[in-house]
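Dear colleague,

I am handing over the structure below, and I would be grateful if you could look through it alongside the notes that follow.

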Amino acid sequence: MSRHDDNRLREQIVTYAKSLFDRGLTMGSSGNISVRLDDGGWLMTPTNACLGRLDPARISRLDREGRLLDGDKATKESFLHMAMYAERPQSQAIVHLHSTHSVAVSCLPDIDTHDCIPPLTAYYVMRVGRLPLVPYHLPGDTALGEAVKGLAGRHSAVLLANHGPVVAGKSLEAAVYATEELEETAKLFLLLRGQNPRCLTPEQVAELEARFPRD
């Protein structure tokens, strides 16, 4: 990868991260973003970094084995990203947030753990699809990576119980858009609880999935 491409991706991470932070989709030092590189390594946001105040020069660069090459120490949740990438060679970026409405859904006791949010809108189906729930693990527990890995091959997004979403995309832009769509649909889902909303039919979902493949 050329220095120009490396700098472009770092600036792109900073721009999207600040946008997510400024709109309240993550807070404090929560959340992390990664982008896969042509050499098999990754750029990742550093540990304990605020997504609203990233320095592009300090973004972590890891090799294909996850070893730090330059920048600050990578997010302590880098194993989540690596587990997702291992099962999704077509994905080029991952966004993990602690976004309020998505986390709220992850705390509900009666959701479908195989598909946490029903198909309320076409864009949710197009950008997220089925969203399984990953059982709760302690923060930093590497067993969480294995749990994510078991689902990532079949799903571009998963919801960590009492924690938040992990969303992969064919580009950073696609991963961010899917994360935003997930958060907005989580908000709709919470607003409509108890209202018996009209969801898309299985036939409508199948048509969307055939016409608009995610990656």
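**Surface and overall form**

The protein exposes about 10,400 Å², of which carbon and sulfur atoms supply 51%; such accessible areas come from the Shrake-Rupley method with a 1.4 Å probe, and for residues only the protein chains shown count as cover. Please keep in mind that this is a predicted model, in which local features need pLDDT of at least 70 and side-chain atom pairs count only at pLDDT 80 or more, while totals for chains, interfaces and linings use all residues. Residues are numbered from 1 along each chain as its sequence is written, and side-chain values use heavy atoms, with hydrogens and water left out.

The radius of gyration of the protein is 17 Å, which agrees with the value near 17 Å that a compact globule of 215 residues would have; the radius is taken over C-alpha atoms, and the globule rule is 2.2 Å times the number of residues to the power 0.38. The C-alpha trace spans about 50 × 35 × 30 Å along the principal axes. Of the 215 residues, 50% count as buried, where buried means under 20% relative accessible area, exposed over 50%, and partly exposed in between (1.4 Å probe, protein chains only).

**The sheet**

The protein has seven helices and eight strands, which are DSSP runs numbered from the N terminus (helices H or I, at least four residues; strands E, at least two). The eight strands form an open sheet with mixed pairing, in the order β4-β3-β2-β1-β5-β8-β7-β6, and its edge strands, β4 (68-70) and β6, each pair on one side only. Two strands count as paired if DSSP finds at least two bridges between them.

Strands β1 (residues 32-36) and β5 (residues 93-96) run antiparallel and are joined by four bridges, with valine 95 in β5 as the bridge partner of isoleucine 33. Strand β6 (residues 133-134), by contrast, runs parallel to β7 and is joined to it by two bridges; here valine 134 stands opposite leucine 160. From β7 (residues 157-160), Ala157 and Leu159 point one way and Val158 and Leu160 the other, and all are buried.

Alanine 49 is found in the loop between β2 (42-44) and β3 (60-62), and it is buried because its relative accessible area is 15%. Leaving aside neighbours within four places in sequence, alanine 49 is in contact (heavy atoms within 4.5 Å) with Ser29 and Leu54.

With kind regards
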